[in-house]
Amino acid sequence: MINCSLIGYGKWGENILKTLEKNKKVNIKSICKKNIKKFANKKYKNKILNSYITAIRDDIDAVFISTPSETHFKIAKFALEQKKNVFVEKPICFKNKEFNILLNLAKKNKLILHTNYIHTFNENFNQLVKKFNKIKSLKEKIIVNIILGNDGPIRKKTSVLMDWGPHIMSIMNFITNNISIKLYDYYIIQSRNRNKQNIYLNFKNKNFEIYTLFGNNFEKKICRVEISQNNYNFTYTDKYLFTKKNKKNYQKCSPLENSVNHFINSCNRKLFFSEKINEKITLKLENINSILFD
């Protein structure tokens with residue numbers, strides 16, 4: 001049984017709590033929320049704290065971090081220093097230098113450091129990559145189109161690149177196994193009131209052409225990943241995988257459940273690991289950020 005603490009109880013924190021409640025290998029010891037008075041779940045009334053320092057105590061094995069992005073690094077760092085396994089929402093941090101600090105702490109203390117790149121735990125997306133890998137030919141260019149976003153929210157301290165970019169980079173890495181693919185073209189689409197924006201990034205190498213559009217300036221939520229080559233075409237839309245012949249939902253449980261199960265099982269095996277994708281994504285986003293905004 002893994003004793004855990006949930007740090008952050010906003011909209012996504014609620015989803016994590018519901019997922020943890022389904023897991024028989026988990027014991028929820030504490031929930032950290034900034035405003036305790038607004039917590040309405042009576043079941044955990046005596047487990048609510050307003051300080052992550054107080055919540056991450058000796059009887060905790062694992063910490064789930066679902067706070068605003070700008071706080072991820074300092075909370076994850078504190079948890080790793082206290083020798084706790086860490087599950088953190090994306091982005092794990094904003095700078096590669098910060099990630100290396102977390103990585104070294106995890107290695108030193110032989111802990112799990114896991115970032116929740118949710119699409120890589122979606123069975124529909126996994127099937128898309130698996131099926132395409134069986135038929136792809138590196139003699140012909142592979143075209144990838146990725147569109148992700150919604151209508152808001154506007155985050156004051158986290159840019160659209162750092163909010164949606166981790167999804168884009170994790171999807172790209174899963175498809176190409178080469179996130180170092182060169183950025184070829186880019187531009188920012190700003191809304192009229194300048195509060196919302198979409199970002200277009202185009203990547204190219206000898207095998208792939210990747211076109212991405214993401215942000216918080218869409219009329220409604222959108223998720224679409226399309227891989228094509230010659231007469232083959234596969235499309236992932238979160239809930240389905242579309243092929244030339246049919247559409248199918250391969251999900252037996254939610255991507256969040258898959259991600260949490262992966263983390264909990266790793267904790268139970270007591271084997272150190274850090275998803276290698278973390279460092280690649282953090283470094284790539286930091287480099288793109290300097291190109292777009294410096």
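These legends go with several close-up views of a predicted model.

Local features are described where pLDDT is at least 70 and side-chain atom pairs where it is 80 or more, while totals for chains, interfaces and linings use all residues. Residues are numbered from 1 along each chain as its sequence is written, and side-chain values use heavy atoms, with hydrogens and water left out.

View 1. Helices (H or I, at least four residues) and strands (E, at least two) are DSSP runs numbered from the N terminus. The C-alpha trace spans about 60 × 40 × 40 Å along its principal axes. A compact globule of 294 residues would have a radius of gyration near 19 Å, and the chain's 20 Å agrees; the radius is taken over C-alpha atoms, and the rule is 2.2 Å times the number of residues to the power 0.38. Buried residues (under 20% relative accessible area, 1.4 Å probe, protein chains only; exposed is over 50%, partly exposed in between) make up 52% of the 294.

**View 2. Helix 5, residues 123–135.** Its 13 residues reach 19 Å from first C-alpha to last, close to the 18 Å expected, where the expected span is 1.5 Å times one less than the number of residues. At the N-terminal end sits a cap: a side-chain oxygen of Asn 122 lies 2.8 Å from the backbone nitrogen of Asn 124. Asn 124 is itself buried, and so are Phe 125, Asn 126, Gln 127, Leu 128, Val 129 and Phe 132. The cover over these buried residues includes strand 7 (142–151), helix 6 (160–176) and strand 11 (217–229).

**View 3. The largest nonpolar core, 38 residues.** Such a core is a set of buried Ala, Val, Leu, Ile, Met, Phe, Trp, Tyr and Cys residues joined through side-chain atoms within 4.5 Å. Those with the most contacts inside this one are Ile 146, Met 169, Ile 175, Leu 201, Phe 203 and Phe 214. Elements giving two or more residues include helix 5, strand 9 (197–204) and helix 8 (277–293). Helix 6 gives the most, with 9.

**View 4. Around Phe 203.** Leaving aside neighbours within four places in sequence, Phe 203 is in contact (heavy atoms within 4.5 Å) with residues including Met 169, Met 172, Phe 208, Lys 284 and Ile 288.

**View 5. Helix 8.** The 17 residues should span 24 Å at 1.5 Å a residue, and the end C-alpha atoms are 24 Å apart, which agrees. Lys 284 and Ile 288 are both buried here, as are Ile 277, Ile 281 and Leu 285, among others.

Notes. A polar contact is a pair of N or O atoms within 3.5 Å; within protein, one must be able to donate a hydrogen and the other to accept it, and residues adjacent in sequence count only if both atoms are side-chain atoms.
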